[in-house]
Structure formats: structure tokens, C-alpha cells
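Please keep the sequence and the three-dimensional view at hand while reading.

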Amino acid sequence: MRIQIHGRGELEKQAVSGFLPNTSVISITDVNEEPVKLAHSPRYLLELSFDDISSKADVFNDSRRLALNLYSKEQAEQLAEFVYEHKDETENIICQCRWGYSRSAAVAAALKEHFYNDGIEIFLDEQYYPNIYVFRQTLRALNRISGKAVGKLNVTVCSRKSVEELFQKGFPEHTAAISFYDPETSYHRGTDYQPVDYSGKAERLFQVPIHDIDLSVLPEFGLTYDTYFPEADRLAEFIYSAKSDGLNILCQCEYGESRSSGCAAAILEHFYKTGITIFADYRYYPNQVVYHKVLEALEKYKKENFTEL
């Protein structure tokens with residue numbers, strides 16, 4: 001299935017000469033915007049209307065707040081149902097929004113990730129700026145309708161501050177924690193620094209000191225890729241054990257942005273091919289070395305312990 005991204009003008013221009021056979025179009029317009037004018041109709045057409053915003057806060061903070069509408073869960077489900085209803089007859093699918101770089105790119109990325117594990121291609125293309133919220137909602141809806149989300153491991157990312165707040169509010173049950181903390185040689189570690197105390201909170205705990213550095217900086221700490229994070233193999237075993245016992249996983253580091261998100265992305269990529277959801281989330285800056293070390297360790301554990309999952 002070929003997946004394309006168009007702006008409004010580009011789609012209307014193509015409609016003049018006609019669409020290729022077996023083409024489905026997902027047309028997204030702003031609220032109160034006129035539908036696209038198509039001289040010739042595609043075989044299948046879905047029209048949705050929502051604004052290019054990524055949170056409910058945008059609805060209230062924007063000066064046009066009365067006119068803004070967030071992409072709803074119901075619309076995401078409608079889109080997923082449309083795709084699955086016609087996917088066997090669809091050879092080309094066109095995703096269209098006003099300018100062809102945000103909402104339509106997000107839907108296209110979700111489709112590519114869901115069907116081909118290749119949504120990152122669109123995120124890496126400089127001509128597109130996929131709406132993260134639309135991407136995540138669409139991918140979730142596609143996974144739900146296909147049954148991919150059944151029994152899925154819940155993986156969350158936390159900072160020291162947010163996990164300590166959870167301790168006060170109530171730490172989630174049936175949760176294994178992976179806690180990264182700064183080693184003694186870290187430049188950022190104060191004299192009174194201590195790892196997060198999970199006593200009586202997490203059902204299981206894997207706690208490891210590890211520098212938050214990238215590949216080019218490893219030599220400054222006397223490390224190589226092979227000697228960095230030697231605990232990765234034990235962590236892979238911990239993750240598989242937690243998953244086998246029906247536990248969810250919480251990944252935590254100091255700020256909840258780099259080491260923890262790199263680990264979470266590796267877990268999601270290994271089990272569900274959805275690591276892109278972490279890389280695409282503007283809240284996170286996944287540590288690439290952590291990501292690759294954990295992913296490689298998980299793949300190694302799977303190869304050594306399972307002939308078939």
C-alpha cells in the first residue's frame with residue numbers, strides 16, 4: 001500500500017486529472033473550513049474536521065479558542081475503521097490536510113509505523129512536521145482495531161521528581177522499576193546525592209549507575225561502546241521476567257528525558273516495534289547509546305532463550 005501526503009491545493013489539482021484506481025483519501029480540514037473540492041472522487045473518501053493543535057491546553061490558550069477542536073479519540077477510531085474496512089482494496093492512500101506537513105504527515109507516519117514499522121521515515125524528512133498528538137492517537141487506534149494492543153506491556157517514563165510524587169499519591173501496583181542514577185564519577189552528582197529509594201514501593205527494582213553521555217563522549221570517561229553499560233544483559237533478563245509475570249515497567253532517571261526514555265524506547269521497539277512513539281514525543285531526548293545497548297541485549301536474550309515468541 002503506497003502512502004502519500006498532500007496539501008489541500010495539491011489534492012484538488014490531482015482530482016482534476018483523476019485518481020489512480022483503488023485510491024483511498026483521508027481528507028482533514030480545519031473546523032469551519034470548507035471541504036476539499038474534488039472534480040473526480042477517489043474510490044474511498046474519509047473527511048475529518050479538527051484543528052492542528054496537540055493538547056487541550058491549546059484550545060484554551062489560543063486567541064481563537066472557541067473555534068479550535070482537538071483530534072478526538074472517536075475520530076481516531078473512525079479513521080482506523082476506515083483504513084481497515086478498505087485496506088484489502090486500497091493500493092494507494094493519500095493523507096491530506098491544509099498544507100500537507102502536520103496533521104496529514106502524522107496520519108501517514110502512523111500508517112507507515114503500524115503496517116511497515118517505518119513511520120520514522122516521515123519524522124526524519126525535513127519537509128514534514130508531524131503533529132505528535134495526532135500521530136499517537138492514530139497509531140493507538142490502528143493498534144486497537146488490529147488487536148495489537150491486547151495484553152500489551154505498559155511502559156512509562158518518569159523523572160526523580162515525578163516518581164517521588166507517585167510515592168506520595170500512590171505508586172502503581174504490579175510495577176517493576178528500572179532506575180538510572182548518576183555514578184560517583186559524574187560531574188552532576190552532589191555530595192549528598194542518593195539514588196531514589198524505592199523501598200516498599202516497586203514490586204521489583206533494577207537500579208544501575210550510568211553516565212548520561214553519547215557515543216562521542218565515551219572516551220572522556222575511559223569508556224567504549226562495549227564497556228559502557230555492562231549491566232544491559234542483566235537488565236534484559238529483568239525486563240523479560242517482569243513481562244512474563246504480567247508486571248508493567250516504569251523507567252526512571254534524574255530528569256525523565258534521556259536514559260529512561262532511551263530504555264523505554266528500546267523495550268517498546270523490541271516487543272511491539274513502537275519505539276518511535278518515544279523518539280517522536282517532544283518531552284523526551286532518548287540517549288542513543290542506552291537505547292541501542294538495551295535493544296541489543298533484549299534481542300540477544302530472545303535469541304538465546306526463545307526459539308519462538
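This is a predicted model: local features need pLDDT of at least 70, side-chain atom pairs count only at pLDDT 80 or more; totals for chains, interfaces and linings use all residues.

Is Phe 229 buried or exposed? Phe 229 is buried, because its relative accessible area is 3%.

**The open sheet**

- Four strands make up an open sheet, arranged in the order E1-E4-E2-E3 with parallel pairing.
- Strand E1 (2–7) and strand E3 (44–49) are the edge strands, as each of them pairs on one side only.
- On average, and with direction ignored, neighbouring strands of this sheet are turned by 15 degrees against each other.
- Six bridges connect E1 with strand E4 (residues 92–97) in the parallel sense.
- Along this pairing, Arg 2 stands opposite Asn 92 in E4, and His 6 has Gln 96 of E4 as its bridge partner.
- E2 and E4 also run parallel and are joined by five bridges.
- Thr 23 likewise stands opposite Asn 92 in E4.

**The enclosed strand E4**

- Strand E4 is largely enclosed by the rest of the structure, because six of its six residues are buried.
- Both faces of E4 are covered.
- One side carries Asn 92, Ile 94 and Gln 96, the other carries Ile 93, Cys 95 and Cys 97, and all of these residues are buried.

**Helices against the strands**

- Helix H3 (residues 73–86) lies across E2, E3 and E4.
- The direction of H3 runs at about 175 degrees to that of E3.

**Salt bridges**

- Side chains of opposite charge can pair when their charged atoms come close.
- The salt bridges in this model number 16.
- One of them joins the side chains of Asp 30 and Arg 103, with an N to O distance of 2.7 Å.
- Asp 30 belongs to the loop between E2 and E3 and Arg 103 to helix H4, so this pair ties together parts that are 73 residues apart in sequence.
- Both partners are buried: Asp 30 has a relative accessible area of 15%, and Arg 103 has a relative accessibility of 3%.
- A further salt bridge brings together the side chains of Glu 33 and Arg 98, at 3.8 Å from N to O.
- This pair also links distant parts of the chain, since Glu 33 is in the loop between E2 and E3 and Arg 98 is in the loop between E4 and H4, 65 residues apart.
- Glu 33 is buried, with a relative accessible area of 18%, whereas Arg 98 is partly exposed, at 34% relative accessibility.
- Lys 112 forms a salt bridge with Asp 118, and the closest N and O atoms of this pair are 4.0 Å apart.
- Lys 112 counts as buried at 15% relative accessibility, while Asp 118 is partly exposed with a relative accessible area of 28%.
- Through shared partners, salt bridges join Arg 8, Glu 12, Asp 30, Glu 33, Arg 98 and Arg 103 into one network.

**Loop residues with positive phi**

- Phe 229 has a phi near 60 degrees, which is a positive value in a residue other than glycine.
- The position of Phe 229 is in the loop between strand E7 (204–209) and helix H8 (232–244).
- Asn 117 is another residue other than glycine with a positive phi, near 55 degrees.
- The loop between helix H4 (103–116) and H5 holds Asn 117.
- Asn 117 is partly exposed, with a relative accessible area of 40%, whereas Phe 229 is buried at 3%.

- Ser 102 lies in the loop between E4 and H4 and counts as buried at 7% relative accessibility.
- Leaving aside residues up to four places away in sequence, Ser 102 touches Asp 52, Cys 97, Tyr 129, Pro 130 and Asn 131.
- Tyr 129 is found in the loop between helix H5 (120–123) and helix H6 (132–146).
- Tyr 129 is exposed, because its relative accessible area of 55% lies over the 50% cut-off.
- Together with Trp 99 and Tyr 101, Tyr 129 makes a nonpolar surface patch of about 420 Å².

Key
Residues are numbered from 1 along each chain as its sequence is written. Side-chain values use heavy atoms; hydrogens and water are left out. Patches are made of residues with over 30% relative accessible area and no salt bridge: like charges are joined within 9 Å, nonpolar side chains (Val, Leu, Ile, Met, Phe, Trp, Tyr) within 5 Å. Accessible areas come from the Shrake-Rupley method with a 1.4 Å probe; for residues, only the protein chains shown count as cover. Helices (H or I, at least four residues) and strands (E, at least two) are DSSP runs, numbered from the N terminus. Buried means under 20% relative accessible area, exposed over 50%, partly exposed in between (1.4 Å probe, protein chains only). Two strands pair if DSSP finds at least two bridges between them. Axes are lines fitted to C-alpha atoms, for helices over the stretch in contact, and angles run from 0 to 180 degrees between N-to-C directions. Contact means heavy atoms within 4.5 Å.
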